[in-house]
Amino acid sequence: MKKDLIFIERLIKEVEILEKLIENEQLEDYGRIGAEQEFCILDNNYRANPINSKILKKVSKEGFVNEIAKFNMELNTEPIDISKNCLKKLENTLTKKMNIVKKCAADFDSSVILTGILPTVRKYDLRYENITQNPRYFELCESINRIRGKNFNLRIRGIDELVFEHDTPLVEGCNTGFQFHLQIGPKDFTKMYNISQLIAGPVLSVSVNSPILFGKRLWHESRIAVFQQSTDTRIISGYHPGTLPRVTFGNDWIKKSIIEIFKEDIIRYKILLKSLKKFKNLNTKNPKLEALSLHNSTVYRWNRPCYGIYKNKPSLRIESRMFPSGPTILDEIANSAFWLGLMMFFKKSEIFNFSETMEFDDARSNFYSAAQQGIDCTFKWLNGKRIDARKLILNDLIPKAAVGLSSINIDPIDIEKYLNIIKERTSLRKTGSRWIIDSFDLLSKKVSNQNALTTITSKIIQNQKENIPIHKWDLAKNSVLINNPSKLLVEECMDRYIYSVYEHESFSLAIKINDWKKHNYIVVINIKGKITGELTKDILTNNEFLKQKNKIIIKDIMKKNPVTIKPDENILTAVKLIKRKKLEMLPVVENKLFIGILQKKFLTQYEYASPSLLSKKEILKNEERILGNYHSGEKGKTIIFMCGIHGNELSGKKALKNVFNYLEKESIEVLGNIIGIQGNLKAIEKKERYIDVDLNRIWKQKNINLLKKGKLSDKHEYKELKNIYDLINIIIEKKKKKDIIIIDLHNTSSANGLFSIINSKNDYQIASSLKIPIISNLFKKLKGSFSEFYSSKNISSIVFEGGTIGDPASIHNHETGIYKILKKCKILSKKDIPISKLEQVSENYNNKSLSYKVKYIHQITKKDKFFMKPNVINFQKIKKGELIGYDDNGKVFSAINGKILMPLYQEQGKEGFYIIQNEKIK
Ligand SMILES: [Zn+2]
């Protein structure tokens with residue numbers, strides 16, 4: 001083709017021009033740094049959101065451009081002169097610009113994330129429609145397809161193995177990187193390029209942040225493998241060809257000139273892109289080397305040499321492309337500082353002949369070891385010495401980087417700040433990859449893979465907002481279900497660990513497999529892996545078949561044409577299909593190949609996929625406070641369980657955790673909303689009743705009025721009051737006050753403290769389901785309690801005292817009671833309550849719900865120095881005139897006959913004790 005010839009002719013000419021520019025010292029001798037920040041756009045369900053063009057329209061002036069995948073974008077920063085504050089300046093610029101794009105994304109109900117590989121990326125996201133509308137991208141895809149054929153194979157092995165076939169080149173869209181640029185004078189360029197290759201392995205080992213793709217734990221920097229394989233155009237034949245992958249670390253040290261690389265790129269790599277425009281004139285002082293740039297941009301060296309023109313001067317730079325995006329901008333700048341420091345240190349070093357210092361193959365293998373194992377890898381370092389990455393970085397390279405940064409006059413404060421991050425991260429082994437893998441391992445023991453990946457993604461965004469460096473991040477813990485299941489795809493929810501039988505095998509094998517797996521269901525495939533039938537429970541338990549199992553071939557008895565579903569269908573479609581066709585199992589099939597399975601019993605969690613009462617924003621904002629949020633949506637009652645209003649009464653919190661864990665792990669079907677919240681967070685942390693004032697005595701309308709005016713006291717408990725009030729208010733408003741029940745879990749300081757307190761006769765029914773004594777009018781006499789406050793707003797509210805503080809039986813009492821209430825309110829059906837909870841009822845559950853009225857409260861103040869007679873327990877009978885305790889005035893006697901309640905055995909509090917008497921509830 002004529003166009004091809006013109007392009008190649010031009011390309012060769014440009015290489016010759018560059019050679020001359022270098023020879024004649026016409027390139028600028030100046031130091032600058034710069035960066036390209038790639039990032040990913042997410043929807044409100046933490047999945048890739050293909051709206052880059054919409055966002056770009058609003059931010060293109062700020063240096064943003066689109067990337068090949070519609071859910072990715074890139075920010076290009078202006079070059080910054082190397083100077084005292086250049087790193088700080090780069091950090092500030094990135095922070096400022098990323099805040100602009102974050103804000104813009106928020107207008108589209110989206111967020112942006114800096115991460116090497118998006119944990120929640122799905123195969124579905126890589127479809128052809130998600131290639132950004134730009135002729136260049138389509139041309140690139142077509143060129144790769146033309147050379148290699150249509151389908152892409154990816155095979156990456158780490159802790160797990162990923163084997164993957166795909167037909168768009170968008171797989172590289174899984175990757176988002178952070179490129180750091182360094183402009184270098186032509187005299188030093190060859191040496192500096194070799195240094196960048198020398199240090200790549202060690203610097204990468206501490207910067208890794210891309211360990212998971214499609215839920216598989218692969219390399220610590222899997223981007224390296226993904227990118228290499230997704231753009232590989234080699235045709236594999238029986239002979240081993242000498243061609244190279246288009247993504248490469250390189251093949252040798254540069255000997256004399258950078259021109260060697262540009263020549264090699266022409267010799268070894270086919271032209272993928274030709275310019276769509278007319279070329280500019282080359283006979284100028286600052287020639288634009290357009291063909292060279294274009295070709296250079298389709299050969300992906302992890303350290304890429306680049307020619308460019310800035311401020312009317314031609315120059316050369318190295319683009320270090322190995323860094324992943326994130327975990328935070330601060331971490332990225334720390335990585336860059338480490339790299340820059342080492343570049344500058346070795347620039348002044350005595351190394352001139354690199355092949356005498358290190359075999360190139362070792363530098364390359366260091367790079368790949370780092371990509372695979374991160375901070376735990378071992379390097380073959382200078383003079384062939386073997387050394388652990390951590391030792392090398394901590395003892396040798398960080399001090400050298402500091403010297404290097406000083407040599408270009410970087411502010412000592414910045415040197416310390418950035419290198420300290422590298423030091424901490426290295427010594428703690430807390431790279432981005434380690435954090436993701438450890439969080440994933442922790443979470444996936446408790447929740448489904450897709451939920452674990454969603455949680456990790458949401459935590460990354462949250463921590464990025466605060467710009468906390470990765471080594472200080474806590475592992476992601478799952479406290480709340482945050483995805484909206486109605487948006488999930490089958491591929492995210494299906495079980496990938498599948499098994500099947502061949503149609504030509506004997507029925508006895510199928511019977512054996514069924515004995516082992518106990519699913520009463522097996523998929524049947526033909527020799528090509530295509531699904532042809534299924535063995536259902538009817539077949540597997542058919543007595544006639546079982547008698548002759550050795551003689552029967554599966555094909556003859558299998559059910560043909562099973563119902564299947566595609567991986568890119570919505571999960572709710574699967575739920576409906578399973579219901580309509582009354583299936584237990586639903587095979588997932590792509591191009592007739594059996595790739596996964598959905599089980600009915602695991603789908604109940606998606607069935608009630610209506611939105612939560614609390615939005616994700618609200619949940620994240622109150623993350624520490626919300627212990628659990630388990631729900632089925634609009635219908636049913638909403639129960640708010642409160643615990644730890646008193647920070648030393650903790651059995652309710654433990655009981656709630658147990659209940660939520662059970663519901664989530666077993667995917668129990670519920671009708672309604674179960675919300676667990678914590679009261680006095682700071683007091684709970686300190687295991688004290690309260691910090692400044694009793695949080696259970698300040699729930700008064702006048703305080704709420706002050707709160708609304710922002711005039712509330714700054715004592716600690718008032719802050720907690722405000723947060724709790726706001727949170728519960730959201731729920732009350734959404735439910736329009738209907739069908740809400742608040743259960744406030746407490747403990748007593750004295751023995752036999754298992755009883756409930758109701759505020760209105762309407763609550764008697766629910767309280768009586770607990771089968772424990774009921775106290776009916778305590779809070780009428782005692783204002784300011786949390787429970788009484790909501791009761792006065794006409795919301796059912798019950799206090800549930802679960803037993804003595806610190807007694808393990810109290811946890812059990814609370815847990816049992818929570819299940820009883822859930823059953824009473826028809827949120828949970830009896831069959832779903834763990835039997836052990838109902839059977840091993842504590843002896844305190846005496847199956848009676850006698851009710852009592854408070855007749856007397858003994859109020860005390862500090863100066864009374866009241867103390868109780870020893871060994872008084874709750875519900876102990878007491879006669880008028882009987883000795884109860886002592887204070888400053890001497891002995892304290894009971895004023896009436898009755899039973900004693902909540903005798904004071906603690907330092908804090910204003911009530912000495914209560915006396916109660918039986919009453920009849922009509
Ligand atoms: Zn309490």
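Let's start with a pairing. Strand β1 and strand β4, residues 80–81, run antiparallel and are joined over two bridges. Within that pairing, Arg-32 stands opposite Asp-81 in β4. One caution before I go on: this is a predicted model.

Let's stay with β1. Which other strands does β1 pair with? One is strand β8, residues 178–184, antiparallel over six bridges. There, Gly-34 faces His-181 in β8. Another is strand β3, residues 72–76, also antiparallel, with five bridges to β1. Look for Glu-38 here: its bridge partner in β3 is Glu-74. Then there is strand β5, residues 111–113, which pairs with β1 in the antiparallel sense over three bridges. In that case Cys-40 is opposite Ile-113 in β5.

Arg-32, Gly-34, Glu-36, Glu-38, Cys-40 and Leu-42 point one way. Ile-33, Ala-35, Gln-37, Phe-39 and Ile-41 point the other way. Both sets are buried.

Now zoom out. The protein chain has 922 residues, and 58% of them count as buried. It holds 32 helices and 36 strands. Its C-alpha trace spans about 110 × 80 × 50 Å along the principal axes. Four domains are assigned: domain 1 is 430–483, domain 2 is 490–607, domain 3 is 616–849 and domain 4 is 854–919. Between the C-alpha centres of domain 1 and domain 3 the distance is 28 Å.

What about the geometry? For reference, the ideal angle for four tetrahedral donors is 109.5 degrees.

Are Glu-649 and His-746 buried or exposed? Glu-649 has 3% relative accessibility, so it counts as buried. His-746 is also at 3%, so it counts as buried too.

On to the aromatic rings. How many aromatic pairs are there? The count comes to 26. Take one example. Phe-227 and Trp-302 have ring centres 5.8 Å apart and planes at 65°, so this pair is edge-to-face. Where do they sit? Phe-227 is in helix α6, residues 222–230, and Trp-302 is in the loop between β12 (300–301) and β13 (303–310), so the pair ties together parts 75 residues apart in sequence. Both Phe-227 and Trp-302 are buried.

That pair also belongs to a wider group. One aromatic cluster is formed by Phe-227, Phe-249, Trp-253, Tyr-300, Trp-302, Phe-354, Phe-360, Phe-367 and Tyr-368.

Rings can also sit under charges. The charged end of Arg-127 is over the ring of Tyr-124, 4.0 Å from its centre. Lys-191 lies over the face of Phe-352, at 4.4 Å from the ring centre.

Last stop, another sheet. Three strands form an open sheet in the order β31-β33-β34, with antiparallel pairing. What does it mean to stand at the edge? β31 (867–868) and β34 (890–893) each have a single partner strand, so one side of each is left without a neighbour in the sheet. Strand β33, residues 883–887, joins β34 in the antiparallel sense over four bridges. Find Gly-885 in your viewer: it stands opposite Val-892 in β34.

Key
Residues numbered from 1 in each chain as written. Predicted model: local features only at pLDDT ≥ 70, side-chain atom pairs only at ≥ 80, totals over all residues. Heavy atoms only, no water. Domains from an automatic or database assignment. Buried < 20%, exposed > 50% of the residue type's maximum accessible area, 1.4 Å probe, protein only. Phe/Tyr/Trp six-rings, centres within 6.5 Å; stacked < 30°, edge-to-face > 60°. Lys NZ or Arg CZ within 6 Å of the ring centre and 35° of its normal. Pairing = 2+ DSSP bridges.
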